[in-house]
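Student: Could you walk me through how the labels on this model get assigned?

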Amino acid sequence: MQEAASGPIKSGCDYALESEPDESHRVANASLLPVIRLHAANLLLVLRQLEIIAKRQAPRIAFRAKGSILLLDLADIFAVEAEGNYVSLRHHRKPYLVRESLSSIAEKLKPYGFIRIHRSVIVNISAVEEIQPLPTGEYRLRMKGGKQYLVTRKYKHNLRDLAQLWVGSERPCG
């Protein structure tokens with residue numbers, strides 16, 4: 001009964017841990033410092049390599065133009081417009097005509113942040129700077145560089161994809 005009243009029986013290890021917690025932590029931390037520094041250096045090296053790979057492998061589009069194959073970064077294309085049996089890739093330097101349907105290229109570009117806003121226009125969501133609601137239920141988009149596009153009622157539901165977070169206002173189309 002006396003043992004139960006005095007509390008659990010402690011071993012020599014328990015007393016050592018209780019008596020010098022700061023000293024044992026300092027010794028353990030000091031012995032791990034070289035390992036921690038090595039892991040941190042390795043992580044920084046891997047991070048730098050991933051940054052290089054990410055820059056080098058930015059999504060690009062390849063297409064035939066004037067007898068050669070051109071490669072453009074998708075980030076540099078702000079819109080795609082239908083022009084008869086062709087589409088015009090609206091690049092910040094100049095437009096490029098490609099023989100393909102707008103619906104076909106819309107499906108190919110969707111995973112890369114392009115949305116359809118009109119029966120004849122697809123836009124790069126990263127190039128949209130402003131959405132202006134119109135009294136007709138349509139919207140007007142202002143792109144980087146000042147170009148404007150009309151969003152028809154049929155495609156206004158796609159505007160939800162323009163931002164991941166909407167604050168201080170309602171999302172377009174509810």
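Here is a short chat about a few of those labels.

Tutor: Ground rules: this is a predicted model, where local features need pLDDT of at least 70, side-chain atom pairs count only at pLDDT 80 or more, and totals for chains, interfaces and linings use all residues. Residues are numbered from 1 along each chain as its sequence is written, and side-chain values use heavy atoms, with hydrogens and water left out.

Student: Why is Leu150 called partly exposed?

Tutor: Leu150 has 30% relative accessibility, and partly exposed is the range between buried (under 20% relative accessible area) and exposed (over 50%), with a 1.4 Å probe and protein chains only. So Leu150 counts as partly exposed.

Student: Which residues is Leu150 in contact with, leaving aside its neighbours within four places in sequence?

Tutor: Contact means heavy atoms within 4.5 Å. On that test Leu150 touches Ile117, His118, Leu134, Glu138 and Tyr139.

Student: Where is Leu150 placed?

Tutor: Leu150 sits in strand E10, residues 148–151; strands are DSSP runs (E, at least two residues), numbered from the N terminus.

Student: What makes Arg99 lie over the face of Tyr86?

Tutor: A charge sits over a ring if NZ of Lys or CZ of Arg is within 6 Å of the ring centre and within 35 degrees of the ring normal. Arg99 is at 5.5 Å from the ring centre of Tyr86 and lies over its face.

Terms used
Helices (H or I, at least four residues) and strands (E, at least two) are DSSP runs, numbered from the N terminus.
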